[in-house]
Structures are given as C-alpha cells and as structure tokens.
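Have the picture open as you read, and follow along step by step.

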Amino acid sequence: MDQKRSKLTLSLVAIVGVLTIGPVLMLVLGSFSKGLTAFGSFTLEKYIAAYTDPALLEVLVNTVVFVLGSALTATGLALFLAYLNTRTDIPFKFLFRIISILPMMIPHLLFAVSWALLLNPSNGMLNLALMNVFGLEQAPFNIYTLWGMILVEGLLDLPICYLIIAPAMAQFDVALEESSRVFGANTWRTLLRVTLPVLRPAILAAFVLGLVRGLASFATPSVLGMPGRVNVLATYLYQMIATGFSPDYGAAAAVGMSVLVTSISLIVVYRALTAEGEKYVTIAGRGYRPTMIELKGAKYPMFTVVALLSFILIVLPVTVLFYTSLVPYSMVPSARAFSLMSWKHWIEVLEDPISLLSLRNSIFLGVVGATLGVVLSIFVAYAIVKVKTRTSGILESLSFLSFSFPGIVIGVGFMWFFVQTPLYATIWALLIGYIATYLPYGIRPLASAFVQVHAHLEESSLVCGASPLTTMRRIIAPLLVPGIVSAWILMASMFVRELTLSVVLSRPGTEVLAVQILRFADDGLWGKLSALGIIMIFISTTLVLLATLIGGKLRAVEA
Amino acid sequence: MEIRIQGVSKRYFSGGKTIIALDNVTLTIPANQIFTLLGPSGCGKTTLLRCIVGLEAPDTGEIRIGDEVVFSKDRNISVPTEKRGLGMVFQTYAIWPHMNVFDNVGYPLQIRNVAKDVIRERVAKTLSFVHLEGMEQRPATKLSGGQQQRVALARALVAEPKVILFDEPLSNLDAKLREETRKDLKTFLGELKITAVYVTHDRIEALALSDTIAIMRDGKIIEVGAPKKIYFDSEHRFVADFIGRANLIQTRVRGTEGGHTIVDCGLGTIACEQRDLPVGSEATLCIRPEFIRLARGEAGGKNVVNGRVESLVFIGEAYEAEIRVGNELLLAKIEPDAQIEEGAAVTFALDPAHCLLLAI
C-alpha cells in the first residue's frame, strides 16, 4: 500500500513538475536565447536590450502605482464588506454571497469593457449624459487613466480579498472582543486595538493576493490602459510579442523573468501569512455564534453602500453590455436609442465564422479542460492531504507555484515550450496551458474536501468488509462530490473566459472567446463585442447552474 | 474467538525520530471476554488494536484470530482488513454523513451481498438491540452523540462478527452519558457470545467493563489480570499507581510473621499482604486512600498509626484528607459525615489485606 502510494506521488510530482516548472524553465532558457527559431545558443543580448530600454522606467512606475492602488482598494472594500456581513445586523445578507461568487459569472474583460463604455472620454454613455445634463464642454471623467484602471481592477479583485477576509472574521473568537469591552474599551477602540490586529494575517494575505492579481492582470490594462497609452508590465510584454512586425519573445522572456520572480516572492509571503493566520485562529467550539453589532441609524446608509457596490459589480456591466449589443452605435439611452434597437450585432456575431469558432473552442476547453483538470486535481489533492510524505510536500509546493503565475509571462514560457513540439498552434497547447496555470483552483476545493473525509470513515468501511475499491465508490467518492463539483465549476468557468494566457498562445484556428472579444475591442466594434460578451456570461452562468444541479442530484441519490 | 499476538513490534519514524509504538508484544486475548487494553496516551494500545484489525502492519511478529493467521512477518502473510471479518467502533464513531441510519448499519451486510429483506430484518433487530428502534430513515448526522455511538455499535454488531474492537468509544461523550453508555455497553456485550477488545485510557471505564485488563506502557504489556486483581493485588508500582489513587511508601522488608510480610517504613512497622521478598530488600507499600479508616476512640489490633490532619477538602461523596505521619503525607478518603477538622490528631488502623507490597 505504502509503495503504491509513493509511486503515485512520484508520478504526480513528475506531471505537475512538467506543467509548472516546465514553462518557467523554458522562460529562463528563452530569455537567454536569440529568438524562437534560434533556441539553444545562449546570449545576454535580450536582457541588455530589454532592461536598457528607456520606456521601461515609466512602465515600471505605472505598474507599481496600479498594483498597489488596486490591491489597497480591493482589500479596503473587502474589509468593510466582510465586517458588515459577519459582524453587524445589516439586512439582505445574501447580497454578500453574490458578491463573493461574482468572479465566476462576469469575466474581468467584460467588466473592464463595460466601464470603458460608460466612462470613455469621447463617447462614454455616463460622460455624454453628464455633459447633456450640466452643459459641459468636456467629458468629466476619463476611464483611460491610471486612476480608472485602479478603480476597475480594485473592484475586480474585491471578491477574492473578501473570500479570504470574511471566513477569518467569521471564525474570530468574540471573547477576545468581549474581554476588551469588559476592560473598558468602546466598540471603535476594540476594533482598532483587538479585532484588526488579530485579523492582520488575513488582511495582509488578502492584500498580497491583491498585489499578485494586479501584477498578473491583463484585461484591465489592455482595455483601459492601452487606449490612453498607460502601459503596465503586462501590456508592455503583450506589445512586445503581439504587435509590430517582429515579435520579440526573447526580450519578453527577459522582462517577464522579473515579473515572475516578484510574483513568486509575493506568493511565498502569502503562504507564510496564511500559515501565520492559522496560528491566530483561536476558537471555536460547537454552538458558537458571534455577537452582532447593531448598526441602528447607520443600518440603511450602510446598506445603501453595499447595494450600490452590488449594482456596480453585477447589474451595471451586464445592463451596459446588453444595451450596447442592441443599439447601432454608442449613444445615451433615449427614446431615439430605443427606437433604433435591433438584433443586428447579434446576427452578425452568430454569422461570423471566427466568433463561432472561438465559441466552440472555449466550450471545448471549458468542458474537456475542466474535466481533465479535476481528475488530475483529485489525485494531487489526495496525495497532498492523505499521503503526507516529503514527496507530497514537494507536490504541494509545486502545485501552489502556478498560483503565482502571471498569465502573460507564463504564456511566453509556454510559447517557448510548444514551439519545440507539434502541439504548437493547436487547441491542446491551450488546454495544457490552462490546466497548468489554473491547477491550484482545482486542488484547493478538493484538498479541503479530502480533509473532511476523516481517516476513520474510510477505515471503518474496510473493517465492515468493503474492498478499497468499494470504499472509494461508496464512501470516499460521495463525500467528495461537493468538492469535485465546486472544483469543476471553478475551472470550467475560468477556462471559458480565459484571456491572459490565451492572448499569447492563441493562433488563427485556435481563437477563444476572450481573445475574439479583445479583438473586437481593439477594432472598436462595441456592439458585436457586447453580443459575444453576453453569450460568454450566459455560458459561464449556465455552467455554474448546471454543475450545481448535477451536484445536488448526485448527493440526493446517495442519501 | 481467541486472539494470539506473538512478538509484535511496530516503529514509527516521525520528524527524524524513531518512536517505538509496540515493543515485542506477546499476548493472548481469551475468547468471549471483554478484554481491555489500558494505558496512558502514547502507550501503544491503539496501535495494537489497529494491528489486530489490520489497519496497520506490524514490523515483526504474528497475529492469529481463532485458527487463522491474519498476520505473519516470517510467513509473509497479511490478510487485508476487509477480509478479517471483524467489527469495530471508532473513537470518532466514523458514521458516514452521507447515509442514513439504515445504510450505515446495513453497510456490512450490503457488502456481503445479503438479500435485501434479510438486511432489513437484521438491521431492525440490531437497532432494537441498541435501543434505536425505528430510526432507520434518520440522517445519521442528525443524531445525538450517544445515538451516533449506538449506531456505530449496531454497525459493528450487525454482521455478527466473532470479534469486536473498541477504540476509546466513550471518550467523545459527556460525563453523564458516558456512564450510561458504559452500563448499556456492558449489558449488550454480556448478552452476546463475542470477544471484545476495548482500548481506553480511563481506568474507571476499564474496571467497570472488563473481564480482563492488560496495562500497557511504552509499547509493552506490563500486567494482565482481572479488574480486582489489578486493583488490589497488582505486581507493579506503575500499575498500582495508574489504576487508582494510591499512597506509595518506601519500605524495607523485615521478615514474615503469621502469614504477613512485615516491613519497616515511615508509618512504623506494618504487617502486609504476604509477598515472597528477601529480608532486608526494599519494597513499595501501596495503600489506597479508601482503606485508611479512622478509628473512633482507642484502636486495637494490627497496624495502628497516629497522625494529624493537615488538609481537608469536602468533595461531596467524601472528604479528601491529607494526613501527616512523620515524614509521610497520606491521602485518605473519609466518610462525608465524619466529625473532623484540620489540625486534629487522628488514629487509623490498616487492614494487612489492603497493604500491598510491590517489588521496588
């Protein structure tokens, strides 16, 4: 048994190693090479050229401001929302749950596009409306700036920060606060002196993850930054490889190395912080319930803020996109606009062969990719949680590594890799890239599911006379169903809307939805973009609903 | 069925250190008895149980259940757990949360492909045996701790195994429920012809339930015997100390006289239960607190000792008193209605039958 297990762990280390270390290694080798075709002869040329480019300095400054700004925005908002939800009597708490699962439904790319549609300086709808109302000469807002990017990216990273902070706050032992109150501190002082310091690891972890997300973000900088020529590292890299006549993968790899190293260091810090956070968890026995703070007069003003945020995060983007998909060109909603509405953009998109191809490809990648990814995740999570040897420790670190991968950079690494293989420019290249980059999203829900399956549950089935296979079928698998379903949903919805890796790896014939949408954005075809965008939102939402339904059915059958 | 364990050892490697969980254990567990493995945590009792059921493989030795060799290092035999046909109750109960009571209890029969109506009948019979009649359709997780415990017991019994194993089954219950369940368990097991191996660190549980107790320490069996023998007449200082509260006093053997072994110690000259100890050797005298009985007025007879009450704590069912005799401080249990106060001079007599001598 032990031998079989260690063999399993070893082969998993090999597979995950190839998927994660592979592209990094190729990135390193690539950065020392002359070009994609001249792989193997080593030179420092690319590093010198890339790091002496005077344009780089401005890009770096922009990147730092953008990443710090968006992480701060996201963490601050998350903290506010988490506190309101877990610790106060604010009404309509279901809104918080919607906010937390939002990233599965509305892709970052479309969220950024909807803000461009509202607040771009030439014909943004909100800008036009404000100009009409107040008789302004100029558009009052310009989303194509660093501040616009920070706002949008901050809102986008809000849910993930919320998911880290809210559970920590929910687990918080109120006795710590109560004792502070007993010793004479008021609510506000207790918050500052006890609550926030105890939650510091979780808050910092959320912030660091926000930094990683910001650094890897491509959707926001490409939709909102590039039109205003505000470049950050992600878009700077993208321009090196995707625009102009001679894409320079060597220089891109050289710059990408710094991004990757920064990102990996941040993830190391993040892991240390979450480990620290577990030390801080002090409680919690059965039947424990935190005391709720009464908001009293502040109740409805606070709720208005939350409702506004939910509106901005959920309703606004979908409405704007749907509206734009129906009107012939960008215009403020009016009687005339409604009279001009038609399905023209929808029909054009559904007759466009490349859009249809991208739709097919994305669905294929979503369904097949998520299924393969979940199968791999099941084995990896099993090895990490249940085998617990030194090798499985390596496996855990390896699988966590890809958590730090900025899509563009790792895409460049994969590019160097796939060019050497017949997989280049096939859909399988994208599939492998997706699974490698998003593996942690499959492993995490499954690992926590495995943790819940106590060893005694398994052993007791063996004692009852069931073979290991029967035990797997009757006991382990049914208990894992919720974990499997949530891992599958997470992966599928991420694959369907994947952008950053795809812009690097996608070639004619392997277009995917997000890449096609970005192309529409570049060409200013907002109507078609919106139509295709709504289709994309529809698919990922359907996936979520379908998978939840199947999960519920499976559990019902077993029970 | 009898269980024979021969020369079983088991080591763990953890954090660069070797932990010897079982150190050459040889033990025979008699058929149709409640046999308890008792010891402090980390003594290897659970490991031994897991070796019997086959969830762990020993490094050396042989284990027989009845006539079947289920494990033998030398003959390279290791029957997998699911083929050993045993029943077991886990410390966490291991009730499967995705099944209802019926499926949890019927599982061992379903695995054996027993006909559906037979399963229904036997599950109902077993559930009524553990006083859970009619609970079949309840989701297992909606039961109370005590009920889950009985579901686990029903599941272990339903296939009528010849051997049932218990791994600290009562330790997750609160004190009152633990006492009730302990009584129920004794009744249930008494009605069955079954060999029960019971692991616990709770001495009262062990004394109350068992036909035979084996005391373990550091991976070794220290002593095996009936509860009374272990409590009153153990051979080891560790056992005497572990199985109940005891005053342990250093003595020197003086000789034998009138069927008693006479020793000198801080209490004076004391006549003890007879032991074969060489004159002049050192021995430990073990006196249980409940056998220090205060005399009213003048006491006569053997082993009369005078002392002074140094502290007195009322604990409801008794007083716990510390009595100073010379350099020795003795713990005594005194009836709760005794007229006594701190600092009082007291006299007590020790029955030689309850003065137990232990080598070293």
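Of the 360 residues of chain B, 42% count as buried, where buried calls for 20 or more other C-beta atoms, placed from the backbone, within 10 Å of a residue's own. This is a predicted model, in which local features need pLDDT of at least 70, side-chain atom pairs count only at pLDDT 80 or more, and totals for chains, interfaces and linings use all residues. Residues are numbered from 1 along each chain as its sequence is written, while chains are lettered from A and ligands numbered from 1 in the order in which they are written.

Staying with chain B, you can find eight helices and 21 strands; these are DSSP runs, numbered from the N terminus, with helices being H or I of at least four residues and strands E of at least two. The C-alpha trace of chain B spans about 75 × 50 × 45 Å along its principal axes.

Now look at where the two chains meet: 17 residues of chain A are in contact with 19 residues of chain B, contact being C-beta atoms, placed from the backbone, within 7 Å. On the chain A side, α20 (455–463) and α21 (468–496) each supply at least two residues. The largest share, six residues, comes from α20(A). This side of chain A divides into nine nonpolar, six polar and two charged residues. Here Ala, Val, Leu, Ile, Met, Phe, Trp, Tyr, Cys and Pro count as nonpolar, Asp, Glu, Lys and Arg as charged, and the others, Gly among them, as polar.

How values were computed. A residue is buried if 20 or more other C-beta atoms lie within 10 Å of its own, exposed if 12 or fewer, and partly exposed in between; C-beta atoms are placed from the backbone.
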